[in-house]
Structure formats: structure tokens, C-alpha cells
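Here is a friendly walk through one protein model, from a single aromatic residue out to the cores and the charged pairs. Please keep the structure open beside the text as you read.

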Amino acid sequence: MKRAAIVVGPHHSGKSRTLREFLKPLLRISSRARRFLLDARTGAVLSQSLEERVPNGAVLSQTLEERRVASTDAFIARYGHFTYLVCAARPPEEPGSLYTPLITALERQGFSVFTVRVNPGQPASFYEARAHDIVEYLRGA
């Protein structure tokens, strides 16, 4: 089953921090890396080496709105082949948010979608817990 997690929150709420500082180390990738390999049977993170294995997951720290994604269809065309996808978006109530069309596009592509909300001004433990929630979801727990 294809799984996508979307980290949602207003500007400067800790979306990128959650992904870069807490999620990526759990996936055993550097803060600049985007791709990882997760064993679908065991849920173990295996490698980030593209030479050794083909990655089946991607983490994109910058929100779709900041990336200036023209359409969610273009985004899916680029990343829809992954089994696991983690990205960030602004909340649906913000003008220009791509959150709702992103969910629709991901579900059309066969992804089960999990939303993780983050709030500004929280202690590091809050963002770390959200990263653990994402990993558990990706593993199918």
C-alpha cells in the first residue's frame, strides 16, 4: 500500500523543523537528503545509498506552496511513483493552500494519506513526537 504523510501548519510553525531535525534522522538520512528505503515487510529503514538500493520513499521539507508547485498533478507526476511520500503544506484555511487538492491527487494515485498538524512555539519534544507518528504510519502501525 502506498502511504503519504502531510505535515500541515501555518507559516513558521515547525513543519520543516519536524522533517529535517526529527524525521530524517529516524529515516537514517541526512538533513539535505530526500530519499530513503523502507522495507515494506519489516518496516526497517535499510539504506540511503542509491548505489546499493533503489529508494522507495521521499521526504520534502519545503511546503508545496514555498516550492511554487504549479499544480498538484505536476507534483504527483514527479513523486507519485514512490511507495512512501512525506511532504508539507499550509493549512486549508490559508489563501493559496494546496492541502485539499494534494490529498485528492494523492488518493487518486493510490496513496493512503495521514495528516500531521504542527503548531508554532511548541517544545522540541512536540515536533519529535510528530516525527515518530509519521514513521509509525509509514511502517503501517
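Let's begin with Phe114, which is partly exposed at 26% relative accessibility. Here, buried means under 20% relative accessible area, exposed means over 50%, and partly exposed is in between, with a 1.4 Å probe and protein chains only. This is a predicted model, in which local features need pLDDT of at least 70 and side-chain atom pairs count only at pLDDT 80 or more, while totals for chains, interfaces and linings use all residues. Residues are numbered from 1 along each chain as its sequence is written, and side-chain values use heavy atoms, with hydrogens and water left out.

Now for the aromatic pairs. Rings of Phe, Tyr and Trp (its six-membered ring) pair if their centres lie within 6.5 Å; planes under 30 degrees apart are called stacked, over 60 edge-to-face, and the rest tilted. The count by this rule is 4 aromatic pairs. One of them is Tyr79 with Phe82, a stacked pair at 6.4 Å centre to centre and 25 degrees between the planes. Both Tyr79 and Phe82 are buried. Phe114 and Tyr137 are stacked too, because their ring centres are 4.8 Å apart and their planes are at 20 degrees. Phe114 belongs to strand β6 (residues 111-117) and Tyr137 to helix α4 (residues 124-139), so this pair ties together parts that are 23 residues apart in sequence. Helices (H or I, at least four residues) and strands (E, at least two) are DSSP runs, numbered from the N terminus.

## Around the aromatic rings

Tyr137 is buried, with a relative accessible area of 10%. The charged end of Arg3 sits over the Tyr137 ring, 5.1 Å from its centre. For this label, NZ of Lys or CZ of Arg must be within 6 Å of the ring centre and within 35 degrees of the ring normal. The charged end of Arg130 sits over the ring of Phe126, 4.6 Å from its centre. Elsewhere, Phe75, Tyr79 and Phe82 make up one aromatic cluster.

## Helix α1

Helix α1 (residues 15-26) has 12 residues and reaches 16 Å from its first C-alpha to its last, close to the 16 Å expected at 1.5 Å a residue. That expected span is 1.5 Å times one less than the number of residues. Which residues of α1 are buried? They are Lys15, Ser16, Thr18, Leu19, Phe22, Leu23 and Lys24. The cover over the buried residues of α1 includes β1 (2-8), β4 (57-63), β5 (84-89) and α4. After α1 comes Arg28, whose phi is positive, near 60 degrees.

Lys15 lies in helix α1 and is buried at 6% relative accessibility. Leaving aside neighbours within four places in sequence, Lys15 is in contact (heavy atoms within 4.5 Å) with residues including Val7, Val8, Thr63, Ala88, Arg90 and Val118.

In soluble globular proteins, nonpolar side chains tend to be buried together. A nonpolar core here is a set of buried Ala, Val, Leu, Ile, Met, Phe, Trp, Tyr and Cys residues joined through side-chain atoms within 4.5 Å. The largest has 23 residues, and those with the most contacts inside it are Leu19, Leu23, Phe36, Val59, Val86, Ile134 and Leu138. The elements giving it two or more residues are β1, α1, β2 (35-38), β5 and α4. Its largest share, 7 residues, comes from α4.

Val59 touches Leu19, Leu23, Lys24, Leu27, Ile29, Arg34, Phe36 and Val86, not counting residues up to four places away in sequence. A second, separate core of 21 residues includes Ile6, Phe82, Leu85 and Cys87.

## Salt bridges

The whole structure holds 5 salt bridges, each a side-chain nitrogen of Lys or Arg within 4 Å of a carboxyl oxygen of Asp or Glu. In one of them, Glu21 pairs with Arg17, the closest N and O atoms being 3.2 Å apart. These two are 4 residues apart in helix α1, so about one helical turn separates them. Glu21 is partly exposed at 45% relative accessibility, and Arg17 is partly exposed at 30%.

Arg108 forms a salt bridge with Asp73, with 3.0 Å between the closest N and O atoms. Arg108 is in helix α3 (residues 99-108) and Asp73 in helix α2 (residues 72-79), so the pair ties together parts 35 residues apart in sequence. Arg108 is exposed at 61%, whereas Asp73 is partly exposed at 47%. Glu94 and Arg90 also form a salt bridge, at 3.8 Å between the closest N and O atoms. Glu94 is partly exposed at 22%, while Arg90 is buried at 16%.
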